[in-house]
Amino acid sequence: MSPLNARSPQPISSDILLMLFALAVGIFLSHTYHLPLEAPLILLPTSLILIVISLKLHGNLNYLGIASKLLKAGIISCFFSLGILTESLNRPIISFPPTDSDGNFYGEVLKVKTKATGDMIIMEYLTPECSKTGIKGYMRLSSGQFQEGDIIRCRGQLSRVNDSTNRMNDGFRRYLLSIGITTIAKCKPNEVSIIGYKSSPAILAQHIRTNLEIGIENSGLKKPTVSFLVTVLLGDKSFLDPTAAQTFSDAGVSHVLALSGMHIGIIVFILMTLLFPLNFTGNYRLRYYVTFILLWVYAFISGFSETIVRATLMTSFSFIAMLLQRKNSSFNALCLACLLILVVSPEALFSISLQLSFLCVAAIIIFSEPMNPINMAEHPYLYKFFGLITTSLIATFATWILTAYFFSSLPLLFLPANIIILPLLPLYLSVAIIYLILHSIGIQFDFLATLIDSSYSGLLSLLNLISAHGEAVVRISPSLISVCLWLAGITILAISVNTTRRKKILILSSTFILCLSICLI
């Protein structure tokens, strides 16, 4: 029997998937062709009319099939309109900020990203009266004195975002516009001054995150270890040494540096373990309620990135389904989480991290169970071991072409690196978190610090050995046509896993499309 037929597939709701697809298409078309705000205002009433008609027809058994199709068409049209509407409302305003009589312009610092060339400050411009204009810009400064929430006064040159003549800068304008940045401010450090400060939930999260970073820095661990822990626990990649980041990338395990579902899973495991004594209260649900709240507190502190929000939403849906004693579908939870993210932040559709994350998680959910050749009931430990291998293979199989398209490189020895690091990372982070908690309350275990430092140093050495210091990496740049064909082949293969009819035809056609996409690279 083929592995694809070995087990029941992951239950998938086509309705949620269609809603997500319609929303994404609406956002994409609105972003690409700058559709006017009037378009969804015309489509939405039409969608509602279709839904009302379908509900009226549902009372008549003769028109039950037509009513069902009209209802689905109305819902899809409604989400398509919603995609256009959300993108239109979040579309950046292409204009320049106002200046006062002395030629100064003002801004509120939204984010500070530390780069090798200096700090990249993303700000929202203000009127001279310090009210928001809705226009975002950015500038680079090497002073390092600014924090989120600072109200700054600037005097310098403003210009619209544009691609430079440098080939590596191609697409820079499109990227900045997709996140709402429309202007570049070129100012000298002495032309920028802090005139005030504003508080907000995001800034509160930043302050908490900064204090936690300071706590990790003062924990007695070595600097490379501190940089790694700040990156994987708090999502601040500015701490990590570029050489270490490249080592993770060359070995094909750079995903462990970005806060994602794996990190949320580790946090949930640690919280559920620490909160186990709550079960003795007689209310087993209390542990899940507390974990649910603490998980969202962690998402808040880490900055509500798309991948963290997606993973937290998925976990929350799983908790809710379990507490309500309903059947849970990981794929449906994934689609619903992404749908909510796109409704709130339509620009997330163009985020590389969200695209890779969604494709990777979706492929693992759909293929990991049927592709595991071991029967879980007969050999549970062997099943978990092969699950680790198949999960790494499936994740890379699904996302390699997107990785190569965006980064023009493909690690060859990703499998041994993932097999080594994925089982050990939860244990390592658990020990590190326990050590940091104990250190924060004044209990010092030097042997734990030595173990944590030496383990990270050994990990870097091992990854360098696996990647042959970057030589085990293929430089490849697939075309957009190849990317589309590959994704189409993956989609058809996923459909074949979740259907009993025409399975062989679907598998053969998906294989042909996948091979064709490789030939066109």
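Mentor: V109 lies in strand β1, residues 105-115, where strands (E, at least two residues) and helices (H or I, at least four) are DSSP runs numbered from the N terminus. This is a predicted model, in which local features need pLDDT of at least 70 and side-chain atom pairs count only at pLDDT 80 or more, while totals for chains, interfaces and linings use all residues. Residues are numbered from 1 along each chain as its sequence is written, and side-chain values use heavy atoms, with hydrogens and water left out.

Trainee: Why is V109 called buried?

Mentor: The relative accessible area of V109 is 1%, and buried means under 20%, exposed over 50% and partly exposed in between, with a 1.4 Å probe and protein chains only, so V109 is buried.

Trainee: Which residues is V109 in contact with, leaving aside its neighbours within four places in sequence?

Mentor: They are I121, I122, M123, Q147, E148, G149, D150 and I152, contact being heavy atoms within 4.5 Å. The C-alpha atoms of V109 and K136, which are 27 residues apart along the chain, are separated by 9.9 Å.

Trainee: What makes T127 count as buried?

Mentor: T127 lies in the loop between β2 (118-126) and β3 (132-141), and its relative accessible area of 15% falls under the cut-off for buried, so T127 is placed in that class. Leaving aside neighbours within four places in sequence, T127 is in contact with P98, Y106 and T133.

Trainee: How do you know whether L465 is buried or exposed?

Mentor: L465, which is in helix α15, has 65% relative accessibility, over the cut-off for exposed, and therefore counts as exposed.

Trainee: How many residues has the largest nonpolar core, and which have the most contacts inside it?

Mentor: This core has 50 residues, and those with the most contacts inside it are L221, F228, L229, L233, F248, L429 and Y456. Among the elements that each supply at least two residues of this core are α6 (223-234), α14 (414-440) and α15 (446-467), and α14 gives the most, with 10 residues. Not counting residues up to four places away in sequence, L229 touches I216, L221, L234, Y428, L429 and A432.

Trainee: What makes a set of residues a nonpolar core?

Mentor: The members are buried Ala, Val, Leu, Ile, Met, Phe, Trp, Tyr and Cys residues joined through side-chain atoms within 4.5 Å. A second, separate core of 47 residues includes L334, C338, L349 and L410.
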